[in-house]
Amino acid sequence: MGLQPLEFSDCYLDSPWFRERIRAHEAELERTNKFIKELIKDGKNLIAATKSLSAAQRKFAHSLRDFKFEFIGDAETDDERCIDASLREFSNFLKNLEEQREIMALSVTETLIKPLEKFRKEQLGAVKEEKKKFDKETEKNYSLIDKHLNLSAKKKDSHLQEADLQVEQNRQHFYELSLEYVCKLQEIQERKKFEFVEPMLSFFQGMFTFYHQGHELSKDFNHYKMELQINIQNTRNRFEGTRSEVEELMNKIRQNPKDPKRASQFTAEGYLYVQEKRPAPFGSSWVKHYCMYRKAAKKFNMIPFEHRSGGKLGDGEVFFLKECTRRHTDSIDRRFCFDIEAADRPGVSLTLQAFSEEERKQWLEALGGKEALFHGLNRAIIPRPEGSAQMDKMGFTILRKCISAVETRGINDQGLYRVVGVSSKVQRLLSILTDVKTCNELDLENSIDWEVKTITSALKQYLRSLPEPLMTYELHGDFIVPAKSGSPESRVNAIHFLVHKLPEKNKEMLDILVKHLTNVSNHSKQNLMTVANLGVVFGPTLMRPQEETVAAIMDLKFQNIVVEILIENHEKIFRTLPDTTFPEPTCLSPSPPNAPPRQSKRQGQRTKRPVAVYNLCLELEGGDSTNPPREDTPTSSQDSLSSPSPTTAAAQGLPGPERNHLLADGGSSGDWAPSQTRPSMVQWLNQQSQSTPGANAAVTPPSPRSASFPISPAASLVDKLPESISRKARAVYPCEAEHSSELSFEIGAIFEDVQTSREPGWLEGTLNGKRGLIPQNYVKLL
């Protein structure tokens, strides 16, 4: 049973039971007061904990934003760029979440703590004051009655009448005070229900709003998350293929460490100890140098380098060689020595020491000395053994037989082409296929003796056994260039052109194979072999560099991209003629800095709006771009489209004078020389990006809130303005606001007082008297 009501009629009688009921009400109010006091304390602790969590989350987000992945090679795939941008995307997500958390923490103070403190102070505090007065008057009233009743009856009547009147007045005052106190007690008991619960309701509403905002952020993030998962899976798949190739190369080098490793512009290079002569009492010292020699120019370069001191690099020397002479052990107390004289330093002779007699002979041969058998210290391309497979009539028969069998029997097999067959069975099938008689008699479509995985492995093995990869060594580097960057349209155009430069037989066989792979990818829901998965499988099969190095293996992921483009655009590439204005890909510009990652959808993404598009700006080494940005170039064409020319590539990574000499020379006899008569592939790709059909039409722009936001020419001008200067701008695309802080407008709307915003990708402006945010790529400054 709850508290008993306090009847006003009981105030006059003031019975013991009435007093018990009052004490019960007072005890309940005291319990309520202590509870609210403790709740306020817990609420403040909650706010402090929330702020601490928010600070930790923001620090975590800051750490994510500041970190950047480095990559091996001269370019990244689109998937890798998206992965690089993901940390900043995660950081932005946490930042947005913490902004909502701060709003929630503020709402706890305003909607819970302050109302409860006010109720406790004004309402419960007022009742406490009333209780003090009631207790005081009780004491006074009953003390007066006791005193009055002790008066002698012998007192004068006037004195007694006056005392009676005073007691009656006091009892009346006490009675009125009792009525007010009883009313206040019952009022506060009823009032506390809504005065206390209403702030709690507001508190939970704020909390649910925070979680709802988190849910909305999660929904906005979901599309980006799905795309990122695909990027991660593609990158993981390419990593697995690259790792196996790297391990294979490592094992080859481990077995034959002295075999030539790579092509070089130097006739000879390696470490030599150089004798440095000192005054007589001190003798001489031997210092290790890395030496490089180009026979055509007779240029000798040596750079001091000591591994044991942490890899400290000294100042290099460059001179031209006059002659080289072998030193005998009877003239010097060291082995493997030889002397060289500089043509441009008369009278200067240096004594050098090789690591072994074999290396001394190699240096003597390279430097034109005597008594040396040259084993090729200069590094050459590894000759690849020619396989037994040929691209003849038999080869086409093998290809068609295998494809027909796969499409008839196993087009829906999971892991098609990825699941490998037993090696012995594959070799036996290849032996049958490469024999004219047995090949004609073999019926793979109806034979149960040969598993589908054996047939697919045999087909891949046949393609790998060709003397030259299907897409040729000559065009390998040219195919890689567009895969590294450029707009999707320009990539397809470049690959289209290069495919038609292949020898006719190569192109015909590639057409048959790619058509089949397109059919395989069309059944990916059953066989799980998407275009990306097929790219991983057939990238190393159809393309491989003539030079087997780690750097070449790092380009394996771009080979996969080329194969993906072939599969996705089979009809266009093989059934139509390419643009005849595509240049001969013999001169590639130096690689510009890595382009920003592709746009990703996240919070605030506007999928229905037109996209503002911008020109590709290539920042070539040693020069500035001479073409101003144009607004009709696709955003994705900002990606890097070039690779180093051989001379520039050779100079990259060389310290000091040698790099300068090499670049200044432009390559001597035997070096590559860039062509000056034809436009580069990079320039053609740039033209393709600018002339893409529909580039001037309305297409969907990236959201200003996306991970990397391209800056339009108009926006870049705004960025250069001081904050105190404002401009007018005209809308070039319509926009419908998705948040209360944004402006809605139609094409042609004129904005006043346009200034930069603190939020990247946005401007602030006034339209029809309302000020708000404007996507900076939707307007043009006036």
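Leaving aside neighbours within four places in sequence, N141 is in contact with N170, R171 and F174, where contact means heavy atoms within 4.5 Å. N141 is found in helix α3 (residues 78-149); helices here are DSSP runs of H or I with at least four residues, strands are runs of E with at least two, and both are numbered from the N terminus. With a relative accessible area of 3%, N141 is buried. Buried means under 20% relative accessible area, exposed over 50% and partly exposed in between, with a 1.4 Å probe and protein chains only. The C-alpha atoms of N141 and Q172 are separated by 9.7 Å, and the two residues lie 31 residues apart along the chain.

This is a predicted model, in which local features need pLDDT of at least 70 and side-chain atom pairs count only at pLDDT 80 or more, while totals for chains, interfaces and linings use all residues. Residues are numbered from 1 along each chain as its sequence is written, and side-chain values use heavy atoms, with hydrogens and water left out.

In the loop between α2 (16-66) and α3 lies A75, which counts as buried at 2% relative accessibility. A75 and K484 are 409 residues apart in sequence, yet their C-alpha atoms are 6.0 Å apart in space.

The axes of helix α10 (residues 476-484) and helix α16 (residues 556-568) come within 9 Å and cross at roughly 85°. That makes α10 roughly perpendicular to α16, a term for angles of 65 to 115 degrees, whereas those under 35 count as roughly parallel, those over 145 as roughly antiparallel and the rest as oblique. The axes are lines fitted to C-alpha atoms, for helices over the stretch in contact, and angles run from 0 to 180 degrees between N-to-C directions. From α10, H476, F479, I480, A483 and K484 meet F558, Q559, I561 and V562 of α16. By class, this contact has six nonpolar, two polar and one charged residues.

Helix α6 (residues 393-409) has 17 residues and reaches 24 Å from its first C-alpha to its last, close to the 24 Å expected at 1.5 Å a residue; the expected span is 1.5 Å times one less than the number of residues. Its buried residues are M394, G395, F396, I398, L399, C402, I403, A405 and V406. What covers them includes α7 (423-433), α8 (436-441), α9 (452-464) and α12 (504-522).

Strand β8 (residues 727-731) runs antiparallel to strand β9 (residues 750-756), with three bridges joining them; two strands pair if DSSP finds at least two bridges between them. A729 has F751 in β9 as its bridge partner. β9 in turn pairs with strand β10 (residues 762-767) in the antiparallel sense over three bridges, and the partner of E752 in β10 is T766. These two strands form a hairpin with five residues between them, and G761 in the turn has a positive phi of about 90°.

β10 is mostly covered, five of its six residues being buried. β10 also pairs with strand β11 (residues 770-775), antiparallel and over six bridges, with L763 opposite I774 in β11. Here the hairpin has two residues between its strands, and N768 in the turn has a positive phi of about 55°.

Terms used. Nonpolar A, V, L, I, M, F, W, Y, C, P; charged D, E, K, R; others polar.
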